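Okay everyone, thanks for coming. Let me put the structure up on the screen, and then we'll walk through a few spots.

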2 protein chains.
Amino acid sequence: MSNGAGGRKKNTELSTEPYKGVRDFYPEDQEVQNYIFGTMREMAQKCGYAEYNASILEPAELYRGKNAENEEIINEQTYTFTDRGEREVTLRPEMTPTVARMVAAKRRELSFPLRWYSIPNVFRYERPQRGRLREHWQLNVDLFGSDSPAAEVEILAMAWGLMSKFGATKEDFEIRVSSRAFLNSLFAQLGLPEEKKRQVVHLLDRKAKITREEFAEGLEAIGVSEDAFSPKETPADVAAVLAPLHETGFDNIVFNPSVVRGFDYYTGIVFEVFDKHPENNRSLFGGGRYDNLLAIFGQEPLPAVGFGMGDVTIRDFLAVRNLLPEYVSTTKVYLAVTSADLVFEAMKLAGELRQAGITVAVDLGDKKLGDQIKAADKQRIPYVIVVGEDELKNGVFKLKELKSGEEREIKRDSLASALT
Amino acid sequence: MSNGAGGRKKNTELSTEPYKGVRDFYPEDQEVQNYIFGTMREMAQKCGYAEYNASILEPAELYRGKNAENEEIINEQTYTFTDRGEREVTLRPEMTPTVARMVAAKRRELSFPLRWYSIPNVFRYERPQRGRLREHWQLNVDLFGSDSPAAEVEILAMAWGLMSKFGATKEDFEIRVSSRAFLNSLFAQLGLPEEKKRQVVHLLDRKAKITREEFAEGLEAIGVSEDAFSPKETPADVAAVLAPLHETGFDNIVFNPSVVRGFDYYTGIVFEVFDKHPENNRSLFGGGRYDNLLAIFGQEPLPAVGFGMGDVTIRDFLAVRNLLPEYVSTTKVYLAVTSADLVFEAMKLAGELRQAGITVAVDLGDKKLGDQIKAADKQRIPYVIVVGEDELKNGVFKLKELKSGEEREIKRDSLASALT
């Protein structure tokens, strides 16, 4: 690299690295994203959820709420800046406040139960580490307007169904369910003040990320015995949700009192999906019931249950089990040309094939035939058709399958059907 | 709204408005986006383009380049802020620098001609106005590695094909083509200094947004006659691209010397697609050849041609012609229940239908049957099945089409086939 410009950085060459903690998606990576998003979308649509979306830019107030603690989270864990109109703007760190805002804005026009999903990107300002980047995508599924435990049953069945669609067996994962009601009754028994309650919730939320010893020490520091959180009789609200799920055979959905979820807005059932793989033993995603979120807009409570499933954690889940799909180009056939003069003839043939629904790339004749075929193979395009003077005159083309090397001679008007 | 909290804003209710200049996408809006994105994706894939993506966060240096003028654009027209690691970060205002960065990073591993597309959201910090919001989405199509005019021909044919796929006829739009080479030869004839050239380019770029008088006055102020830009003989590089296109019948692609495109990085052919509708007479999108962009990464030039098509302008194009698709829910059938006790039975039936590929929403029994059906209708779900004691016992269900009001009695195991 040249360094002749002295202190003026802008005259030296730029780095080709992306910004810290975010990812570039080359076609091979994007295909994995598309597979993950496609699977999420299919599940959501099958269960009657409609897609919505919003901008990543939100007024910072949306995340502040009433706790001074949130102020700290906003300032330290989100991307928040002031625009020239003196508005504080945040790159959304999660989608739930946004969906609550949108529902609140049109509450009277919407009909309930309302089922919505989205696959937004969300931003966290923190040290990048395994499974936690500064930007990730997250399926958000929310069911508004029902108090019934049937809402939790549906949401949990969807979380279970998604894992299954991604290729997981019952042995691969466990869904741990608890409830804020249970936690509150426990706090009442222990007689903990507000501040200590919050400390316990945050410690429990970090449980999967810290060692057993750190957890025990943390509880000791707060002055609570570890015993209080060891499995005991299933609380009634959790049991009402688990019963129909167990009847359907979802017996890896279990009560576990240590599940709390970090967000303050949960009001009832909370759950987390755990990967049981020894190399990826961690919480994958979770959700719960949050009935009071619309209060921040000065509205009556609206029952709501939902979950969020991130692309990074599910990718890790798939990778550790070799479940990631193999890359195949979305382009079916490559038209190679024996001479640059024939490019426009090749484009005409490409047009005919595209009319028939085939995806086709045309070489522009900048290099030799052999190198054109190599380029197609490198891009994982499965078929090549060579376009030369003779082929155009005779109306018969060689269709080559690159993987097998197999070649067939096919008439021009039969090429499309040979490729479908 | 209550206002009891005095000066403390965080205790008053929040607004449900989105951030200024960005949009919320309710399901009806999102379906239009999905239609637009789906049409773009289909065209790109048909022509052999592979999808890539990147984060909206980019190092600010990526947009600075060598001109002091760019510094101004960065500071005044983009969202740029400094993170706690003292990195200057920009929300990408366009995708071309990002795709150039990604290609530069893996240039040796990639094979050319390389065809890539993406539909990213991009951000501009400016006063929101018709067709120009602070955030919009933009199809980016780029073809790297070919010097041949065939590259421009392909890109222009794709732009044309996209308009056609969106329902436009030849009479609806015109693609105006010019070239930077032509512009440079014109500047040489006029003997203009650098500063005046830049002023002319920027004035031409704004031509469609200002009045005829403002344009003439602008040229006069710079000291250039308007004559210089009135149509004349087609330059050779433009003619080489237009000839094969006219042969294919794309005769609304024409030479027009006033097309320049705003970006400094264009090096050859430039083009703009114009809407000819009297109520929307404006530039819709454009592109061109940019062979030297990889120089900012200290690399040899790489031939490149591409274009970007925004969602907002194409939406306006469709809206003014009534070409926007009618909203239909992605959910095919709604299961209404005669009693809340039957919800789990309805969920079982839903599971059977979903197995057969049907999209199904289940009412959770929170309201009366009639209101359940109204809710389905309001969400534009086309069919309802009523789930009651009798239906479950007899295994025969009423399938109601909401639009026609038509009702059919169908056996449980024939419901799926009746709905496909």
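**A loop in chain B, then the interface and a sheet**

If we skip the neighbours within four places in sequence, B:Ala228 is in contact with B:Leu186 and B:Leu190; contact here means C-beta atoms, placed from the backbone, within 7 Å. Quick note: this is a predicted model, where local features need pLDDT of at least 70, side-chain atom pairs count only at pLDDT 80 or more, and totals for chains, interfaces and linings use all residues. Residues are numbered from 1 along each chain as its sequence is written, and chains are lettered from A, ligands numbered from 1, in the order in which they are written.

So where does B:Ala228 sit? In the loop between helix H7 (212–222) and helix H8 (236–247) of chain B; helices are DSSP runs of H or I, at least four residues, strands are runs of E, at least two, and both are numbered from the N terminus.

Now the interface: 77 residues of chain A are in contact with 76 residues of chain B. On the chain A side, H1(A) gives the most, five residues.

Last stop, an open sheet in chain A: five strands, order S14-S13-S15-S16-S17, with mixed pairing. Strands pair if DSSP finds at least two bridges between them. The edge strands are S14 and S17 (407–411) of chain A, each pairing on one side only. S16 (residues 396–401) of chain A pairs with S17(A) in the antiparallel sense, over five bridges, and A:Lys400 stands opposite A:Glu407 in S17(A).

Definitions and conventions: Contact = placed C-beta atoms within 7 Å.
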